[in-house]
Each structure stands twice: as C-alpha cells, then as structure tokens.
Amino acid sequence: MVSRVIPVDPFDLVIFGGTGDLARRKILPGLFRRFCAGQMPEGSQIIGAARSEMDDAEYRRMVSDAVAEFGGGRTCEAGTLEAFLDAVSYVTTDAKGDGGWVELNGKMRDSTVRAFYFSVAPSLFGDLAERLHRFGLATPESRIVVEKPFGHDLESARALNAALAQHFHETQIYRIDHYLGKETVQNLMAVRFGNMLFEPLWNAQYVDHIQITVAETVGVGGRGGYYDKSGAMRDMVQNHLMQLLCLIAMEPPAKFEPDAVRDEKLKVIRALEPVDWHHIVRGQYGADENGPSYREDVEDPKSRTESFIAMKCHISNWRWAGTPFYLRTGKRLKARASEIAVVFKDAPHSIFGADAGRHRNVLAIRLQPNEGMTLDVTIKEPGPGGMRLVDVPLDMSFADALGPDAEEVPDAYERLIMDVIRGNQTLFMRGDEVEAAWAWTDPLIAGWQARNDVPKTYDPGSSGPEDALMLMHRDGRKWREVKA
Ligand code: NAD
C-alpha cells in the first residue's frame with residue numbers, strides 16, 4: 001500500500017503561543033514530520049509568536065529541541081532539520097499589547113495562504129482576532145485555528161463565537177478537536193459509508209447498544225488547577241466523546257463536504273435527550289503507592305470535580321430510539337485505551353439450542369493504542385464434538401494493514417494543520433455544533449451541582465467506580481474490558 005502526499009499551497013503559518021507546551025509537543029514536531037514527508041512546499045514559513053523575548057536563532061534551537069524530544073524518533077535525510085529550521089522564525093508579540101504586530105505584518109506575504117494558530121489561553125482569542133485586523137494581517141482568505149477548551153459553558157462559548165465572528169467569517173474559523181484528526185475516526189466514516197455491509201444494520205433494530213470509552217492512566221498531575229475547574233464532563237465528554245458519538249450516530253451526509261457532514265453531526269447533538277441523573281456516575285481517583293489522590297493532586301480536600309464519568313444517553317430519532325449509548329472516560333484507569341464498540345443484537349433465534357450460549361457480533365473501533373478495528377463473528381469451534389460456537393475477531397490493525405507505510409500516516413495534528421492550509425473544514429467543529437453541545441451539557445452539570453453530588457472514589461488502576469459497572473449491569477449488559 002502506498003501512502004500519498006497531497007501537496008498543499010505555500011503558506012505563512014503564525015503560531016501564537018509558539019513557545020508553549022502544545023506548540024512544542026504537537027504543532028512543531030507535526031510540521032516537521034510533514035516537511036520530511038515532502039508536504040510542506042518550498043517557500044512556506046512558520047512564525048512563532050509569543051510574549052517571551054527571543055531571537056530567531058534561540059527560537060530555532062527551541063524548535064530543534066522540541067523535534068528531538070517529541071518528533072517520535074522520525075528520521076529524515078541528512079540536512080532536513082536544517083532546511084526546516086530555515087523556514088522558521090520568531091517575533092515577540094503581545095496578544096494584549098501593540099508590541100510586535102507591525103514586525104509580524106512585515107513578514108506576511110501577499111498571495112500566500114495565511115493561517116494563524118491560536119495556541120494560547122481562550123481568554124486571548126478575542127484580543128488576537130482584533131489585533132490581526134487592526135494591524136492589517138487578516139485577509140478575507142486567512143484562517144484562524146482555535147484550541148480547546150472552546151468555552152466553559154454555553155454562555156462563554158457564545159461569547160467566544162461572537163468575539164471571533166466580529167473579525168472572521170465562520171468559513172475562516174477552524175475549531176480543533178484533535179480526535180477528529182485520528183486515522184480511525186475517519187475510517188469510521190469510511191467503514192460506515194463506503195461499505196454496503198454495515199449501514200443497513202446501523203440502527204435500533206439491529207444494534208443493542210454502543211459503548212464509547214476513553215481511558216487514561218495518567219492523573220491530572222501538574223494541570224490540577226485548570227482541571228479542577230473543568231472535570232471530565234467539560235474536558236472530555238462535551239467535545240471528544242460527543243464528536244465520536246456524532247460520527248457513530250449521524251445520518252449519511254449527501255457528500256463528504258464540510259457543511260454536509262457538520263449539519264448531520266449537529267442534528268445528532270440536538271436529538272440527544274437530557275440524561276436522567278440516575279444514569280450518570282461521577283468518580284474521583286483515590287491514592288495508591290504510585291501517586292496521590294485526585295483531591296491531593298488538585299490540592300482541595302473538598303473538591304467535587306469528577307476525574308471519571310460514565311453515563312447512559314439516548315438519541316431521540318427514528319434510527320436510534322431505544323438504543324442506549326454508554327459513554328465513559330476517566331483518569332488513572334487501568335490502561336490507556338480508547339474504543340468505540342457497536343454491540344449488535346442476538347440472532348433472533350438460535351438453531352443451535354441453549355447449549356450454544358449467547359453470541360453477539362461486536363464491531364470495535366480502537367482509537368488507541370494500536371489504531372484499528374475488530375469485528376467479532378461467531379463461528380464453529382474447530383474439531384469434533386458437535387456444534388460448539390465461539391466468537392473470533394476479524395482483526396485489522398492499521399500498522400499491519402499498512403506495513404512499512406504505517407509510520408508515514410500523519411498524526412491527528414499533522415493532518416488537521418494540513419487541512420487548514422487546504423481550506424477543508426470537514427474535520428473541524430462549527431460554532432453552532434459547539435454551542436449545541438454545551439446546551440446539552442450545561443443542565444447536566446447544573447443538576448449535579450444542585451444535588452450537591454459527591455463523586456465516588458475509585459481505585460487507581462481500576463476501570464472506575466463500582467457504580468459505573470452497575471450502570472450497565474442493571475440493564476443486563478457489561479462494559480468491555482479496558483485494556484491496552
Ligand atoms: P502554555 O501555557 O504552555 O503556553 C502558552 C503560550 O501562550 C506561551 O507561548 C506564552 O508565551 C503565550 N502567551 C501567553 N500570554 C500571551 C500574550 N499575552 N501574548 C502572546 N502570547 C502569550 O499553554 P499550552 O499548553 O501550550 O496551551 C495553549 C492552548 O492550547 C490552551 O488554550 C490550552 O488549553 C490548549 N491545549 C493545550 C493542550 C496541551 O497538550 N498542552 C492540549 C489541548 C489544548
């Protein structure tokens with residue numbers, strides 16, 4: 001299988017917050033990988049812009065260190081890093097002041113794609129948007145990329161959307177959810193809409209339930225202060241899990257085009273029913289020999305913010321009425337594993353009798369680790385001894401399927417940044433989607449706050465609180481194992 005690099009036009013990419021953690025861990029190493037793959041055309045430039053005083057040489061050293069540390073060990077031809085660094089420069093720029101903007105403007109070139117990556121706190125988005133206009137950097141074709149969190153609730157998301165809309169048209173705004181850039185997530189659309197096999201079964205008549213799990217082994221660590229104001233619901237469910245849910249549940253769009261796809265996702269969010277509070281389980285990890293408890297991590301012995309959440313949701317439309325969607329996500333769990341599992345119903349009648357047991361087809365889409373898919377099918381256990389049935393997986397891991405080319409598959413950030421340069425918004429969230437997601441989330445949060453709900457403590461290294469297991473057991477179902 002040959003990987004294909006689709007060229008993009010030469011670009012000027014300004015990274016506001018170019019010295020920050022995200023820029024160093026993801027954006028800059030990602031750009032370097034695209035450069036190695038030959039996708040960053042000659043004549044493109046990357047300009048770091050942040051508050052720190054630094055010259056080009058110092059910034060290039062920082063970028064070189066970031067590539068060495070976070071580049072994933074990618075080896076390129078000799079001299080490639082030097083050539084990449086030649087395209088990199090830096091301007092000390094203050095989002096809240098006027099310093100640096102004229103110099104930054106002097107670097108921008110006409111007739112080159114312009115993109116501005118806002119890798120800074122959301123409180124600076126409005127300032128950046130305003131100054132990009134005031135100092136004449138923004139053209140009608142330029143694009144801005146904004147990071148999560150996009151708001152804290154519906155009101156703040158509306159305010160952010162309004163602040164950006166004062167200076168940029170919706171077609172210029174790229175709200176990143178890096179989950180949408182993952183290979184498997186896009187493959188989910190290919191599997192659903194590129195095959196005859198699945199779509200006829202993709203509904204309440206044939207699907208028993210759907211599980212979405214995003215499990216992390218790390219705690220909140222140094223991000224405690226930020227995380228405690230947010231929690232798993234705001235940090236993970238409102239954006240990442242919701243986007244996965246949309247792709248699983250949406251109707252086929254007429255075309256694989258930005259607004260066609262986003263219109264369908266929006267319909268799913270709007271069809272989400274409010275969740276009964278009995279169907280929400282919140283948890284906080286306790287302490288063990290490997291680390292402190294959540295409350296110790298956030299330095300608040302009374303914190304009621306959840307580091308784990310599980311819930312049962314329903315989508316009220318013709319396709320999904322009656323089919324539960326179980327979502328769960330948490331920190332300090334057993335394994336780092338993200339998976340979507342579509343569990344099909346039992347065959348209506350077993351010709352093999354009760355002894356054959358209960359067998360179900362499950363389509364599992366693994367986002368990490370080892371991106372791929374498995375489809376459990378029931379077959380006869382080989383050998384003599386009558387008709388005994390077993391479930392075996394048809395297993396497809398991308399690394400195996402793509403062979404040596406697997407290394408060439410861009411990671412989520414690489415792919416999404418190239419989509420920005422191409423001007424393709426399909427994998428980015430539209431403003432109304434984000435607002436609809438908050439409109440569903442806000443009352444759930446307000447509900448547990450009004451009830452003074454205290455999250456259940458769970459053992460680190462487990463799969464979450466007991467109550468989360470009960471959420472499924474009560475329905476005669478069970479979670480799939482969280483395993484790497
Ligand atoms: P960070 O604190 O490491 O970096 C912030 C950057 O903003 C620095 O370069 C700093 O110089 C710059 N900055 C701060 N004030 C400024 C000002 N007034 N003018 C110009 N520049 C200024 O933060 P980060 O972790 O890189 O995160 C950046 C954004 O990305 C945040 O919104 C964060 O929520 C989001 N995000 C980060 C990650 C991650 O893995 N780090 C993941 C997802 C989203």
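Start by selecting Thr184, which sits in helix α7 (residues 183–194). Helices here are DSSP runs of H or I with at least four residues, strands are runs of E with at least two, and both are numbered from the N terminus. This is a predicted model, where local features need pLDDT of at least 70, side-chain atom pairs count only at pLDDT 80 or more, and totals for chains, interfaces and linings use all residues. Residues are numbered from 1 along each chain as its sequence is written, and side-chain values use heavy atoms, with hydrogens and water left out.

Is Thr184 buried or exposed? Its relative accessibility is 0%, so Thr184 counts as buried.

Next, go to Ile144 in strand β5 (residues 143–146). Ile144 also has 0% relative accessibility and therefore counts as buried. Select Asp288 as well and look from C-alpha to C-alpha: Ile144 and Asp288 are 43 Å apart in space and 144 residues apart in sequence.

Now colour helix α9, residues 231–249. How far apart are its end C-alpha atoms? They are 25 Å apart, which agrees with the 27 Å that 19 residues should span at 1.5 Å a residue; the expected span is 1.5 Å times one less than the number of residues. Zoom in on Val237, where α9 bends by about 50 degrees. That bend is the angle between axes fitted to the seven residues ending there and the seven starting there. Of the 19 residues of α9, 19 are buried, so the helix is largely enclosed by the rest of the structure.

Finish at the ligand. Of the 20 residues around it, Thr19, Asp21, Leu22, Arg25 and Ala95 come nearest; a residue joins this shell if one of its heavy atoms lies within 4 Å of the ligand. Helix α1 (residues 21–36) gives the largest share of the shell, 3 residues.

Which distances can you display here?

- An N or O atom in the Arg25 side chain is 2.4 Å from an oxygen atom of the ligand.
- A polar side-chain atom of Thr19 lies 2.6 Å from a ligand oxygen atom.
- For Gly17, a backbone N or O atom lies 3.4 Å from an oxygen atom of the ligand.

Taken alone, the ligand exposes 830 Å², and the protein buries 73% of that, using the Shrake-Rupley method with a 1.4 Å probe.

Technical notes: Polar contact = N/O pair within 3.5 Å; in protein donor to acceptor, adjacent residues only side chain to side chain. Buried < 20%, exposed > 50% of the residue type's maximum accessible area, 1.4 Å probe, protein only.
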